[in-house]
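Work through the exercises below with the sequence and the coordinates open. Each task is followed by a solution in steps.

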Amino acid sequence: MRRIFNPGNLLIKNCKIFGKPGYKASDILIENNIIKKILPSGKIGKLPALKSINLKGNMIYPGFNDAHTHFMWLGLKMLRINLDASESVDDLYNIVSEAVKKYENGKPLIGEGYDESKWTNKTPISKKKLDELAPNNPLVLRRVCGHRGYANTNALKKIPADCMIVKRDTGELFEDVVLYIHRIFPPSEDELMLGLSKAIKLAEKEGVTSITDVVNKGYFNIYQKYFQKYKPKLRVSLYFVAALMDEIIGTGMLTGFGNEYLKIRGIKVFTDGSIGAYTAAIYKNYIGKKTKGILIYNSKKLESLIEKVNNNNLQLMIHAIGDRAIQQVLDTFNKVGYSRKLRHRLEHIELVSDKQLKKIKEMGLIASMQPNFVGEWSGPGEMYDQRLPEYYYRQNNPIKKISKLKIPMAFGSDCMPFGPKYGIESAVKHPIPGSEINLNRAIEAYTTGSAFAEHEEKIKGKIKVGYLADLVYNIKFNI
Ligand SMILES: [Zn+2]
């Protein structure tokens with residue numbers, strides 16, 4: 001995959017243009033990073049001394065726009081113990097044991113990305129074993145979803161006694177303490193800057209030209225410092241964590257504040273957990289568990305939060321996975337009112353009902369979906385099937401229904417893993433019959449759909465005169 005970003009003046013010759021019916025060979029003239037002309041090949045004429053590339057009839061696409069990442073975290077993950085590849089608990093112990101040797105005593109160690117739903121042997125992670133593996137370091141392992149994890153005794157000592165849902169006997173951690181582990185073990189500024197540089201390099205490699213991330217004050221500060229210092233080739237939309245809501249509102253900031261590269265959009269709110277952690281809020285019990293998941297807010301609190309953010313003209317990014325959480329959000333919007341212009345977004349909505357989809361369409365909300373989840377967990381015998389009652393399994397990630405209803409749909413990776421290709425292929429190969437969408441529609445969701453969610457559909461996400469020349473080519477989809 002090759003990416004074009006801020007090319008200055010450039011002539012792209014002999015390409016097929018994504019989204020242009022007929023796919024005739026065209027030339028694209030770019031001036032000052034903006035698409036100036038698109039004409040049939042050879043018609044732009046001789047432009048001496050202009051840099052040019054010849055695509056030899058290959059397709060060119062708008063740059064991919066990842067509508068839901070944890071980009072700063074992705075950078076940190078690249079510096080941490082990577083558990084993505086662990087296939088069993090013993091495998092995980094081996095990876096940790098090797099990794100621990102590389103760090104000095106006392107340094108807090110964080111492992112990222114294990115997914116026990118993929119292990120054949122379901123023996124849980126043992127705190128005792130983690131103590132043996134890292135006797136001289138605090139050690140925390142985070143599940144792929146970030147909503148669940150394990151800590152060894154050294155780490156548990158640092159986790160404040162009033163922290164919610166920590167099982168000190170088994171070392172199990174849930175929700176806030178895992179999601180915000182950086183509050184207990186904060187990364188240094190050097191680590192954050194280095195991590196961000198690694199994530200930006202990866203974006204370049206994956207053909208991504210825009211991303212959306214969620215930040216606290218520290219991360220926001222690093223983004224500014226990094227962009228001022230290095231002027232990287234990436235466009236970023238930022239949402240602040242809900243804990244900062246009052247402070248952000250207090251500044252009078254509005255959706256869209258910032259510059260061409262770094263923009264503030266609004267506030268991110270979690271209303272439930274994840275399916276992997278059995279905390280996404282649904283109406284039936286999970287298989288083999290006496291739980292229907294959890295709602296993070298009582299209705300009164302959610303109402304005041306949504307009302308406040310909306311009334312102060314900030315966009316909401318609302319994490320809601322289960323239908324019970326989605327219903328709470330829809331009811332809240334119904335009750336307190338909201339501005340359509342702000343384009344509030346619902347994140348994930350993996351277990352949304354047909355009735356709720358109709359309501360979402362009616363209300364003009366955005367469906368921000370992560371088709372990577374389909375690739376990871378939608379197949380027979382995989383996590384959704386293992387953990388959810390049949391109805392929910394059949395209904396998981398109904399992207400075709402969303403597409404048919406013409407609900408504005410943005411695609412993102414949630415960094416599981418980062419990069420558009422896997423998500424696009426997963427959307428096309430959705431294993432629940434009737435849930436798949438075609439390749440063009442999937443690419444649109446990852447380009448124009450994401451640009452719409454950012455209020456930038458008039459400058460990004462299409463190959464059109466007047467649009468930014470954020471482009472990619474040399475892509476092969478395995479469909
Ligand atoms: Zn996320």
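The model is predicted, so local features need pLDDT of at least 70 and side-chain atom pairs count only at pLDDT 80 or more, while totals for chains, interfaces and linings use all residues. Residues are numbered from 1 along each chain as its sequence is written, and side-chain values use heavy atoms, with hydrogens and water left out.

**Exercise 1.** Identify the protein donors of the zinc ion and state their spacing in sequence.

Step 1. Donors are N, O and S atoms within 2.8 Å of the metal (3.2 Å for Na, K and Ca); water is not among the atoms, so sites may look incomplete.
Step 2. The protein donors are H68 (NE2), H70 (NE2) and D414 (OD), at 2.1 to 2.2 Å from the zinc ion.
Step 3. Their sequence pattern reads H-x1-H-x343-D.
Step 4. Buried means under 20% relative accessible area, exposed over 50%, partly exposed in between (1.4 Å probe, protein chains only). H68, at 1%, is buried; H70, at 21%, is partly exposed.

**Exercise 2.** Give the strand order of the open eight-stranded sheet and its edge strands.

Step 1. Strands (E, at least two residues) and helices (H or I, at least four) are DSSP runs, numbered from the N terminus. Two strands pair if DSSP finds at least two bridges between them.
Step 2. The order is β7-β14-β15-β16-β17-β18-β19-β20, with parallel pairing.
Step 3. β7 (64–66) and β20 (409–411) each pair on one side only, and are the edges.
Step 4. Within the sheet, β14 (residues 208–215) and β15 (residues 235–241) share six bridges, and T212 stands opposite S237 in β15.

**Exercise 3.** Describe the packing of α11 (residues 323–336) and α12 (residues 354–363).

Step 1. Axes are lines fitted to C-alpha atoms, for helices over the stretch in contact, and angles run from 0 to 180 degrees between N-to-C directions.
Step 2. The angle is about 35° and the axes are 11 Å apart.
Step 3. Contact means heavy atoms within 4.5 Å. D323, I326, Q327, L330, F333 and N334 of α11 meet Q356, K359, I360 and M363 of α12.

**Exercise 4.** Is helix α1 (residues 71–79) largely enclosed or open?

Step 1. The buried residues are F71, M72, W73, L74, G75, L76 and K77.
Step 2. Because seven of its nine residues are buried, α1 is largely enclosed by the rest of the structure.
Step 3. The packing partners of these buried residues include β9 (109–114), α7 (189–205) and α8 (217–230).
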